[in-house]
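User: Hi, I've just opened this one and I'm new to it. Can you walk me through it?

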Amino acid sequence: MSIEAAKKVLEIEEQGLAAVRENIGEEFLAAVEAIVNCPTRLVITGIGKSGIVGQKISATLNSIGTSSFFLHPVEALHGDLGMVMATDVVLAISYSGETAELNGLLRSLKARGNTIIGMTGGAKSTLAMASDIFLNIRIPAEACPLGLAPTTSTTATMALGDALGVVLLNRKQFKAEDFRFNHPGGSLGERLKVKVAEVMITGSDMPMVAPDQDAIAALAELNSKNVGAVLVVADTGMLAGIITDGDVRRYVLDAEALEGLCAADLMTKHPLTIGDGVLAADALSIMQQHEVTVLPVVSEEMRLVGLLNLHKLLGKGEFRFLI
C-alpha cells in the first residue's frame, strides 16, 4: 500500500513536470534575455515554500554564473528593499499568485522601475498581471491527497528554475573550470578531475633561481615562496634541477658550508617532472608513489611551465602518504 502510494506521488509529479514543459514558450526566452542583459543582479523573492524554492534557485544560479540573491518579502518591506537596485531584475515566485506579502512588495519594485519576472500557476493572478514576463508553472494536481501541501507545484517551480539556470549557463558559456572556481571548497574527487595546467603554480609565484646564483639567494627564494622547493632554471627557460628542503637539510647535516656554493651545487639534477596535460589525480598518484610534495611541470622540451604543490592542490591536512 505504501509503495503504491509513493509511486502515485511520483506519477503525479511527473505529470506536473510534463505540463510545465509543454507551457514553455517565447516568454521563457524573454526571461533569459532580461537576465542576461541585466547589468547588476537577479533578485529572487517569495514566501513560504515558494521562498524556500527561491533560495535554492538563487544558490544554483550563483554557482553556475548568474549573480543573484534571495530577498524575503516581509524583510524587504521593513528595510531590506535598500539592497535592490533599479537595474536589478526580479524573479517573484508564488504558485497562486495571490500572496499578499509578495504582491505588496511588487508595488514598491514596480515604482522603482525593476523588471519583474513572475513565476506562478495563476495566469490571471495579481502576480501575473503585475509581471513584465509571466512564466507559467500551472500543474494538473498536487501530489498531496488533501490538495493542500505544496508538492507537485514546488517540484515544478524548482525544475523550471533549473531549466532557467542551465539555459543561462549555456548563454554565458560558463565552463567546468568556472564552476570549480566558484567551488574552492568542493570535494577532493572533483578537484582531482582537472588537469595539472589548471592547478599548477605559474609565473612569479614559482620559486626560481639561476644555476649560478649563490646558495644563500637560493635559500632566500626557497623561504620566501614557501612551497618546499626552489627550481633551478637556465636562461633558456629549461629546467636544470630542483633544490628541496630535504637537499638543504642534508647539506646542513653534512656540515657543509653554504658560503661559496651556488644553486647548481645544491640542486638535484634531472628531477621528477610532469606535463601540464596530466590529470591532477594522476599527478597525485605519482607524488604519493615517490613521496614528494612538489612536481615541476614542463613541456616536451623540458621547458618549465609551472609547479605543482601538494598542499596548495589539496588543502592542508586533507592528504597523507600511506605508510
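User: Let's start with charges: how many salt bridges turn up in a search of the whole structure?
Analyst: The search finds six salt bridges. Here a salt bridge is a side-chain nitrogen of Lys or Arg within 4 Å of a carboxyl oxygen of Asp or Glu. Before we go on, this is a predicted model: local features need pLDDT of at least 70, side-chain atom pairs count only at pLDDT 80 or more, and totals for chains, interfaces and linings use all residues. Residues are numbered from 1 along each chain as its sequence is written, and side-chain values use heavy atoms, with hydrogens and water left out.

User: OK. Which residue meets Lys8 in a salt bridge?
Analyst: That's Glu11, with 3.7 Å from N to O. Both residues sit in helix 1 (residues 2–23), three residues apart, which is about one turn of the helix. Helices (H or I, at least four residues) and strands (E, at least two) are DSSP runs, numbered from the N terminus.

User: What does Glu33 pair with?
Analyst: Glu33 forms a salt bridge with Arg171, and their closest N and O atoms are 2.3 Å apart. Glu33 is in helix 2 (residues 26–36) and Arg171 in helix 7 (residues 152–171), so this pair ties together parts that are 138 residues apart in sequence.

User: And which residue does Asp88 meet in a salt bridge?
Analyst: Arg41, at 3.1 Å from N to O. That pair also links distant parts of the chain, 47 residues apart: Asp88 is in the loop between helix 4 (73–76) and strand 3 (89–93), and Arg41 is in the loop between helix 2 and strand 1 (42–46). Asp88 counts as buried because its relative accessibility is 1%, while Arg41, at 25%, counts as partly exposed.

User: How many bridges join strand 4 and strand 5?
Analyst: Four, in the parallel sense, with strand 4 covering residues 115–120. One of the bridge partners in strand 5 is Leu135, which goes with Met119.

User: What about the inside? How many residues does the largest nonpolar core have?
Analyst: It has 25 residues, and Leu91, Ile117, Leu135 and Leu164 have the most contacts inside it. Helix 2 gives the largest share, five residues. A nonpolar core is a set of buried Ala, Val, Leu, Ile, Met, Phe, Trp, Tyr and Cys residues joined through side-chain atoms within 4.5 Å.

User: Leu135 again! What is Leu135 in contact with?
Analyst: Leaving aside neighbours within four places in sequence, the contacts of Leu135 include Phe28, Ala31, Ile117 and Leu160. Contact means heavy atoms within 4.5 Å.

User: Now the later part of the chain. Which strand holds Thr268?
Analyst: Strand 9 (residues 268–269). The side chains of Thr268 and Asp247 are joined by a polar contact of 3.3 Å.

User: Last one: how many residues of strand 10 are buried?
Analyst: Five of its five residues, with strand 10 spanning residues 294–298. Both faces are covered, by Val294, Pro296 and Val298 on one side and Leu295 and Val297 on the other.

User: And how does strand 10 pair with strand 11?
Analyst: In the antiparallel sense, over five bridges, with strand 11 at residues 304–309. Val298 has Leu304 as its bridge partner in strand 11. The two strands form a hairpin with five residues between them, and Met302 in the turn has a positive phi of about 70°.

How values were computed: Buried < 20%, exposed > 50% of the residue type's maximum accessible area, 1.4 Å probe, protein only. Polar contact = N/O pair within 3.5 Å; in protein donor to acceptor, adjacent residues only side chain to side chain. Pairing = 2+ DSSP bridges.
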